[in-house]
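Here are my notes on the model you asked me to look over.

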Amino acid sequence: MTIDIQLVETTLQAHINDDSLELPVLPAVANQVLQLTHNPDATNKELADLLQRDMALASHTMRFANSAAYSPVTKLVSLQQAIARLGMQTIAEIALASTLNAKLFKVPGYEWHAIEIWRHALATALWCKELARITRRNIDTTFLAGLLHSIGRPVVLQTVLKVAEDLNVTLTSEQVCDQEERFQREVGLKVCQQWQMPTLVQTTIQYLHNHQEAPSHNDQVAIVNGAASFAQHMLDPEVLSKEQLCQLEIIEQLNLYEDEVEQLLNAQDAIKGTLEAISK
């Protein structure tokens, strides 16, 4: 490790330790949606009214709700109809996903990488629902955990590039990505704590690859782990082939039989359609 990268790493760790890290602000509408869905007295009309204040968000939410992954019997024509058909929780998740995208994270020179991170996160969220259904586990908030499981990555990218600029240090893309991998979990936790995300989301970030050690939500963390692998296979089968996917330890840990894996893989086209619908 060169002196330059050591200096960047030390500076970044210091920012994390003393809470001087510049963290992204949760978009106001996303925060309002979350607060509304956690209010047991909230009504469908209140959520519809909130989303309709932002016509672009309302349009995006409807396009997502009408995508193949949600397979409505007939086309949904209004937010209130969509909420009645799909439920407040689902529409809230869709709206949140519509507000949190790669555009939230400005990473000059690494825009392509930020988009890849976002697409994998959204794909993971969508696969969480499929895995939760087929394993007959609790679906609640697994979408959100999947969506935010890698939220620390773009934040670390931004911070590393800013620190390097301030220190007048030039880093290779490999060095930048190494720092992303090293600090993404720690930073992701800080982001979710600031955003006051549910315990499951924070637990997922911390224990994604060792869900057995999680103090709670073990089954749901395992689902996010499996969903991330299905997302990887769908987005880049050359990196993770079907054969490799089927041999992963998480497949066995989720007690997925061969026919269930095939059933899940048959959902790929619908999930891709939803991913493209919300990514436009």
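1. Let's start with a side chain: does tryptophan 127 count as buried or exposed? Keep in mind that this is a predicted model. Tryptophan 127 comes out at 0% relative accessibility, and since the cut-off for buried is under 20%, it counts as buried. Its place is in helix H7.

2. What does tryptophan 127 touch, leaving aside residues up to four places away in sequence? The list is Ala227, Phe230, Ala231, Met234, Leu264, Leu265, Gln268 and Ile271. Methionine 88 sits 39 residues from tryptophan 127 along the chain, and their C-alpha atoms are separated by 19 Å.

3. On to the nonpolar core. The largest one has 95 residues, and those with the most contacts inside it are Leu122, Leu147, Leu148, Val187, Met197, Phe230 and Leu256. H7 provides the largest share of this core, twelve residues. Phe230 is also one of the residues that tryptophan 127 touches. As for valine 187, its contacts are Ile16, Leu21, Leu23, Gly152, Val155 and Val156, again not counting residues up to four places away in sequence.

4. Helix H6 (residues 88-99) is worth a look. With twelve residues at 1.5 Å a residue, H6 should span 16 Å, and its end C-alpha atoms are 17 Å apart, which agrees. Eleven of those twelve residues are buried, so H6 is largely enclosed by the rest of the structure. Among the buried ones are Met88, Thr90, Glu93, Ser98 and Thr99, along with Ile91, Ile94 and Leu96.

5. Now the pockets, which I guess you'll care about. How much space lies in the largest pocket? About 830 Å³. Its lining has 29 residues, and His120, His149, Arg153, Ala228 and Gln232 lie nearest the centre. Helices H7 (111-134), H10 (173-194), H11 (199-207) and H12 (218-235) each supply at least two lining residues. Sorted by class, the lining of the largest pocket has eleven nonpolar, ten polar and eight charged residues.

6. The second largest pocket has a volume of about 400 Å³. It is lined by 18 residues, with Glu22, Gln158, Thr159, Lys162 and Val163 closest to its centre. The elements giving two or more residues to that lining are helix H1 (3-17) and helix H9 (152-166). H9 gives the most, with seven residues. By class, the lining of the second largest pocket splits into eight nonpolar, five polar and five charged residues.

7. A few words on H9 itself. H9 has 15 residues and reaches 21 Å from its first C-alpha to its last, close to the 21 Å expected at 1.5 Å a residue. The buried residues of H9 include Gly152, Arg153, Val155, Val156, Thr159 and Val163. What covers the buried residues of H9 includes H1, H7 and H10. After H9 comes asparagine 168, with a positive phi near 55°.

8. Last one: threonine 204, whose place is in helix H11. Threonine 204 has a relative accessible area of 0%, so it is buried. Leaving out residues up to four places away in sequence, threonine 204 touches Ala145, His149, Val221 and Val224.

Methods
Residues are numbered from 1 along each chain as its sequence is written. This is a predicted model: local features need pLDDT of at least 70, side-chain atom pairs count only at pLDDT 80 or more; totals for chains, interfaces and linings use all residues. Side-chain values use heavy atoms; hydrogens and water are left out. Helices (H or I, at least four residues) and strands (E, at least two) are DSSP runs, numbered from the N terminus. The expected span of a helix is 1.5 Å times one less than its number of residues. Buried means under 20% relative accessible area, exposed over 50%, partly exposed in between (1.4 Å probe, protein chains only). On a 1 Å grid over the protein atoms alone, a cavity is a set of points where a 1.4 Å probe fits but cannot get out, and a pocket is an open set with protein on both sides within 12 Å along at least five of seven lines; lining residues have an atom within 4 Å of a point. Grid points are joined across faces, edges and corners, and a volume is the space filled by probe spheres set on the points. Ala, Val, Leu, Ile, Met, Phe, Trp, Tyr, Cys and Pro count as nonpolar, Asp, Glu, Lys and Arg as charged, and the others, Gly among them, as polar. A nonpolar core is a set of buried Ala, Val, Leu, Ile, Met, Phe, Trp, Tyr and Cys residues joined through side-chain atoms within 4.5 Å. Contact means heavy atoms within 4.5 Å.
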